[in-house]
Amino acid sequence: MEESWVNSVDLHLDLSASGSKRAMLIEALREAVGRLPAGTRLPPYRSLAADLGIARNTVADAYAELVAEGRLTARQGSGTRVAQRATPVKAARVPKKSPVPKTMHNLRQGQPDAASFPRADWLASARRALTAAPSEAFGPGDPRGRVELRTALADYLGRARGVRTSPDRIVVCSGFAHALRLLFPQVLTGPLSVESYGLPFHWSLLPRAFPLPLDDRGARVEEATTPTVLLTPAHQFPTGGPLHHDRRAAVVARGGLVIEDDYDGEFRYDRQPVGAVQGLDPERVLYIGSASKSLSPALRLGWMVLPERLVEKVLAVKGEREAWASVLDQLTLADFITSGAYDRHIRRMRLRYRRRRDQLVDALAPHIEVTGISAGLHAVLRLPPGTETSVVKAATWQGIALDGLAAFRHPDATMPAFDGLVVGYATPPDHAYGAALEALCRALP
C-alpha cells in the first residue's frame, strides 16, 4: 500500500453503466465526489487503478477531467482532493443535452481563403527585406511605422485606391479595431454617426453612435447630425453596394470628419474598383485600410492615412515606439508591394473569389435573391420575412457556420429591418466549397 493512500478515503464506485471504461469512471467519480466534503483526499490514481483493475492512464485521465471541471484540485505533495465549495452537495444526474452538430462548413464573412496565402512570394520578400534592412531597423520601432512600408503604401494606395497622401501622413497600426482604439477618445471625442448595419464589435469601441438609415444609394448621409461620420463607402458592410457618388460628395462637403473603412476595396468584380472618398478631400477624410482581407488577418497590419492636423495627435497616443505591428512584417510587406507580388496576388484572388461568387449565385438562382455581390468576400441572401432565425438554426444543423443579418443591425436603428443571411464565400478551401453550397441549399426555405 502506498503511503499516500493512508490519508485518503475508500470510494464506492458504480461502474455498471454502459459506455467506455473512461466514461463510466468519470460518471462514477462525479457521483462519488458529490457526496464528499471539500478537502477530502482521493486515492492516488495508481492505487485506484489497481483496485478497479483498469489502466492507470484511464484513471489519471478521469481525474484530470474532474480537475478541469472544477470538482477536484490536484497539487504536488497534497494529492488529489475534492474542490472547495460552499456546502457539500448531492450528486445530481446531469441532464443529457441535445447533440450539437459539428461545424463542417465555415461560411462566416470577413475571412479570406487561408490556404491561398502566398507563402512562397511572402518568404521571398522576407528574405530580400531582411537582407536589405539597415541595422537600425532591428532597434525600437518608429511609431509611424517603417518608412519603407509607408512609402510603398503611399504609392500603392494612390494608384489602386485613389488615395492622396505622402508617407509622412501614414501611421501603421495593427488593424481597423486598433485604429479606433487610437482615435477614440484620446484624439476624437463626442458622438458620431455610423451606418445602421455594421460590426457591433466596432461600435463597442466608439462613443455614442447614432445610426444612419441605408437605402439602395448607401447611407443617407444627409441625415447625419454629428461632426464625425464612419462609413464603408466602397462596399457597405454587410449589405453591399457602394455609396452613391452624389452622397460621397455631400458627406465631404458637409464639413466635419469622415472616417473611411476601406476593408475590402481591392475586390471588385463587375467594374473598376470604386475609388476612396479620401481622394475628394484628404483634410476631411481619415482613411483606414488593412491586410486582413487581402492577405491574412494573422499579419495584424493596418494603416491610417490621416489629415495633417491629426498626425501628431495620433502619434502622441501611440507612444514613442512601435508596440503592436512587427517591424519584420512591415519590411516584408513593403517589399511584397514594391516587387509587384501584392498586385499579382490581388488579381489572382479577385478571379478566384469571383468564380466562387458566381457559383453561389448559380446554386441559389432563381429561388433566393442574392445581393451585395459586386464586390467583397461575402453576399447577402434575402429571406422571406420572419424566417431568418429558423434558417440560421437549419444551417447549424447542416453543419454550417454563418450569421443572420440581424446580428449586424445597430440596436438603435430605425430603418425597416429585413431578413437575410450574410454568407462568406471566401473562407472554405476550394475542395470543400461545392459541399458547403450543397449544405447551404438544404438549409434554405
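Predicted model: local features only at pLDDT ≥ 70, side-chain atom pairs only at ≥ 80, totals over all residues.

Student: OK, and which helix does Leu130 lie in?

Tutor: Helix H4, residues 119-132.

Student: Switching to helices: at what angle do the axes of H5 and H10 cross?

Tutor: Roughly 35°, with the axes of H5 (residues 147-161) and H10 (residues 327-338) coming within 8 Å.

Student: Left-handed or right-handed?

Tutor: The H5 and H10 crossing is left-handed.

Student: And which residues meet there?

Tutor: From H5 you have Glu148, Leu149, Ala152, Leu153 and Tyr156. They meet a set in H10 including Leu331, Ala334 and Ile337.

Student: New topic. Where is the cis peptide bond at Pro238?

Tutor: Between Phe237 and Pro238, with omega at about 0°. Pro238 sits in the loop between strand E9 and helix H8. Ala365 to Pro366 is cis too, with omega near -5°, and Pro366 is in the loop between helix H11 and strand E13.

Student: What about phi of Arg300?

Tutor: Near 55°, so a positive value in a residue that isn't glycine. Arg300 lies in the loop between strands E11 and E12, and at 40% relative accessibility it counts as partly exposed.

Student: Last one: is Thr80 buried or exposed?

Tutor: Buried, because its relative accessibility is 15%, under the 20% cut-off. Thr80 is in strand E2 and touches residues including Arg41, Leu42 and Tyr63.

Technical notes:
Residues numbered from 1 in each chain as written. Heavy atoms only, no water. Helix = DSSP H or I, 4+ residues; strand = E, 2+ residues; numbered from the N terminus. Axes fitted to C-alpha atoms, helices over the stretch in contact; angles between N-to-C directions. Left-handed = near helix turned anticlockwise from the far one by under 90°. Contact = heavy atoms within 4.5 Å. Buried < 20%, exposed > 50% of the residue type's maximum accessible area, 1.4 Å probe, protein only. Lists of a residue's contacts leave out its neighbours within four places in sequence.
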